[in-house]
Amino acid sequence: MATALTAVPPGVVLLAVAVLVALLPRRAGHALGIAASAVTLAWVWTVPAGAYLQTEFLGFETVLFNVDQFSRLMGLIFALIGVVAVLYSYASEAESLQTAFALSYVATSFGAVFAGDWLTLIFFWELMAVTSTLLVWHYRGKAVRAGYRYAIFHGIGGTLLMAAILQTYVTKGTFLFASVPGGPEVAGIAAGLPAALAAIGIGVNVGFIGLHTWLPDTYPRPHIAASVFLCVFTTKTGVYGMYRAFPEGHLAIAYMGGGMAVFGATFALFQNDMRRLLSYHIQSQVGYMIAGVGIGGALAQSGAFAHVFNHILYKGLLFMTAGVVVYRTGEEDLKKLGGLAREMPITAGAFTVAALSIAGFPGFNGFVSKGIIISASHYAFSAGPFPIGEFHTLEWLLLLGGIGTFMSFIKFGYYAFFHGTHDGSVADANPGQSVAMLAVAGLCVFYGIAVPTSPLAALLPANTGLFGLLPFDVTSDAVVAHVYKTYTVGHIVEGVVLAAAGLIGFRLTKKPLSKLGRVPDIDAIYNRAVFYGGRGIIVGVTEGYAAVDRAVMGTIARAKAVGSDPQATARRLGVGSDEQPPILRSGIGRSVFVLLAVVSLAVAILLIG
């Protein structure tokens with residue numbers, strides 16, 4: 001049985017399924033996609049840990065299928081959301097070809113997270129960029145331009161990561177991860193320039209501040225079902241890649257994560273386009289994951305991957321609820337919506353669960369994983385800069401990001417579902433959409449309460465829920481220096497205080513926010529710089545070429561004039577006159593002699609040189 005499970009990577013099978021989905025009738029193709037994702041979920045759950053399919057690729061040692069606690073967790077949540085997203089795609093009238101592109105995107109993401117070496121990972125990393133770009137382009141219209149920008153960003157990021165990988169190979173002599181047999185003793189990307197290149201290259205995928213603008217520009221553009229896939233795989237595979245590159249953590253990466261948490265939440269608050277708001281919150285929430293990776297250690301890394309798992313659930317649910325609103329009303333702008341809770345109670349209820357989850361309210365899954373990361377930051381940087389009370393810089397950034405998240409989703413819910421009334425009747429989600437949303441909403445609640453120290457912990461078997469999937473046991477003092485307990489008075493009070501601060505903050509900022517137009521992001525600066533700088537280079541090159549061309553052609557014209565009428569040229573130079581013109585004729589013998597003399601001189605110069 002084990003041999004059958006490890007004979008081929010799951011990503012290869014999903015790629016084959018994607019081709020079939022494109023060829024089969026729509027209902028049969030989507031049914032196959034759901035079934036294949038469900039089988040992959042069971043496959044990843046049962047396959048034993050180990051490094052499989054060790055072979056050579058381009059003459060280098062590679063491991064095509066590497067299963068450990070990190071890759072297994074990624075595979076489980078990828079497959080789980082794949083089942084739901086394909087069902088949602090079918091219910092939302094997505095074309096078969098679009099779902100085929102989406103499944104190929106899922107397949108290449110599987111290839112990346114189950115790679116056992118850097119060469120295999122970068123191969124699927126680049127394929128993932130290609131398949132996701134095709135998924136965006138399929139919708140045509142404005143999505144085409146966004147897709148080009150998306151492809152350029154990820155092409156640059158992948159190139160930088162490839163450079164880091166090659167330099168690491170020069171240092172270590174292998175592409176293998178340290179966790180597989182034959183791998184190097186020291187894990188991760190080599191220190192120095194390779195580490196810097198890897199951080200920036202992967203930083204494109206995870207949305208580092210300044211490298212993030214592709215994200216809110218791309219994800220609102222395609223079909224509503226495509227956005228559900230897009231919000232999951234690229235950024236979370238990036239978090240996985242960041243862990244592989246920096247398994248011991250890095251201070252700069254930790255603080256970048258904290259900055260992302262605040263920056264993304266702030267810009268989300270400025271948005272009125274629903275999917276653009278959600279896209280900025282991808283950057284914010286991924287910031288928590290990056291902070292956990294950067295902190296390093298068992299507690300922080302477990303928190304980072306717990307947040308990967310939870311974020312995929314509630315973010316997918318948020319994009320599904322926003323998609324249903326667009327599907328039923330045709331409207332993306334929050335200012336043009338309102339009162340939909342009465343018309344769409346299932347969608348409004350699913351949104352409420354997802355919003356409380358992403359904000360980290362007690363009882364929901366985001367509360368669990370955010371709490372682990374914030375606790376890890378408290379213990380790791382207890383002597384950090386700028387202390388205010390018991391908290392230090394990184395912890396404050398993560399807490400501020402939490403307040404901004406509450407404010408953003410209070411705004412979303414208020415304007416879309418609870419403020420005012422909606423003109424006319426609007427149907428709620430159809431049965432397929434409802435099943436997909438309610439299933440994920442149930443998981444958001446389940447993973448919020450199925451943890452040790454929760455009120456229902458005594459009713460659940462041991463290792464049930466999220467903590468049984470994490471790479472480290474954060475409840476054991478033999479594994480972590482500071483045992484994490486989710487439902488303590490301090491953590492519950494913290495979650496409630498953040499919610500209250502978010503509610504007060506929204507109340508205070510609601511009026512000025514309602515008057516805001518589109519707030520420019522960082523790309524407003526570098527888009528102009530690239531445009532005008534590029535235009536300046538092009539104009540400089542073309543005008544320089546034109547000047548050289550004019551000079552050459554002028555010289556040729558003057559030489560031609562001299563040859564055609566040398567006496568006129570001589571008169572212009574003051575030699576001779578109209579009455580006594582200069583004699584400029586020469587016999588054939590003298591001409592041949594002069595020509596031979598010039599050629600002989602040129603040959604002599606060449607020989608001497």
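1. Buried here means under 20% relative accessible area, and exposed means over 50%. Arg-149, with a relative accessible area of 13%, is therefore buried. Asp-217 also counts as buried, at 6% relative accessibility. The model is a predicted one, and the points below should be read with that in mind.

2. Overall content and dimensions. The protein has 22 helices and 2 strands. Its radius of gyration is 32 Å, whereas a compact globule of 609 residues would have one near 25 Å. Along the principal axes, the C-alpha atoms fill a box of roughly 120 × 65 × 60 Å.

3. Burial, contacts and surface. Of the 609 residues, 53% are buried. Among contacts between residues at least 6 apart in sequence, 78% join residues at least 24 apart. The accessible surface comes to about 25900 Å², and carbon and sulfur atoms account for 69% of that area.

4. Salt bridges. A search of the whole structure finds 4 salt bridges. One of them links the side chains of Asp-68 and Arg-244, with an N to O distance of 2.7 Å. Asp-68 lies in the loop between β2 and α4 and Arg-244 in helix α10 (residues 224–245), so this pair ties together parts that are 176 residues apart in sequence. Both Asp-68 and Arg-244 are buried.

5. The Arg-149 pair. The side chains of Arg-149 and Asp-217 meet in a salt bridge, at 3.4 Å from N to O. Because Arg-149 is in helix α7 (residues 142–172) and Asp-217 in helix α9 (residues 214–218), the pair ties together parts that are 68 residues apart in sequence.

6. Arg-275 forms a salt bridge with Glu-332, and the closest N and O atoms are 2.7 Å apart. Arg-275 sits in helix α12 (residues 274–295), while Glu-332 is in the loop between α13 (298–329) and α14 (340–343), so the pair ties together parts that are 57 residues apart in sequence. Arg-275 and Glu-332 are both buried.

7. Strand β1 (residues 50–57) and strand β2 (residues 60–67) run antiparallel and are joined by 7 bridges. Thr-55 has Thr-62 in β2 as its bridge partner, and Ala-51 stands opposite Asn-66 in β2. The hairpin has 2 residues between the strands. Leu-58 lies in the loop between β1 and β2 and counts as exposed, at 66% relative accessibility.

8. Backbone angles to check. Most residues other than glycine have a negative phi. Leu-58 is not a glycine, yet has a positive phi of about 60°. Glu-93, also not a glycine, has a positive phi of about 65°. Glu-93 is placed in the loop between α4 (69–91) and α5 (96–113), and is exposed, with a relative accessible area of 55%.

9. Phe-57. This residue lies in strand β1 and is partly exposed, with a relative accessible area of 36%. Leaving aside neighbours within four places in sequence, Phe-57 is in contact with Thr-62 and Leu-119. The C-alpha atoms of Phe-57 and Thr-120 are separated by 8.6 Å, the two residues being 63 apart along the chain.

10. Phe-467. This residue is found in the loop between α18 (431–449) and α19 (489–514). At 11% relative accessibility, Phe-467 counts as buried. Its contacts, leaving aside neighbours within four places in sequence, are Val-368, Ile-372, Val-451, Pro-452, Val-474, Thr-475, Tyr-484 and Thr-486. The C-alpha atoms of Phe-467 and Ser-369, which are 98 residues apart along the chain, are separated by 9.9 Å.

11. Nonpolar surface patch. Val-548, Val-552, Met-553 and Ile-556 make a nonpolar surface patch of about 360 Å². Val-548 is in helix α20 (residues 523–564), and is exposed, with a relative accessible area of 52%.

Note on methods. Residues are numbered from 1 along each chain as its sequence is written. This is a predicted model: local features need pLDDT of at least 70, side-chain atom pairs count only at pLDDT 80 or more; totals for chains, interfaces and linings use all residues. Side-chain values use heavy atoms; hydrogens and water are left out. Patches are made of residues with over 30% relative accessible area and no salt bridge: like charges are joined within 9 Å, nonpolar side chains (Val, Leu, Ile, Met, Phe, Trp, Tyr) within 5 Å. Accessible areas come from the Shrake-Rupley method with a 1.4 Å probe; for residues, only the protein chains shown count as cover. Helices (H or I, at least four residues) and strands (E, at least two) are DSSP runs, numbered from the N terminus. Buried means under 20% relative accessible area, exposed over 50%, partly exposed in between (1.4 Å probe, protein chains only). Two strands pair if DSSP finds at least two bridges between them. The radius of gyration is taken over C-alpha atoms; the globule rule is 2.2 Å times the number of residues to the power 0.38. Contact means heavy atoms within 4.5 Å.
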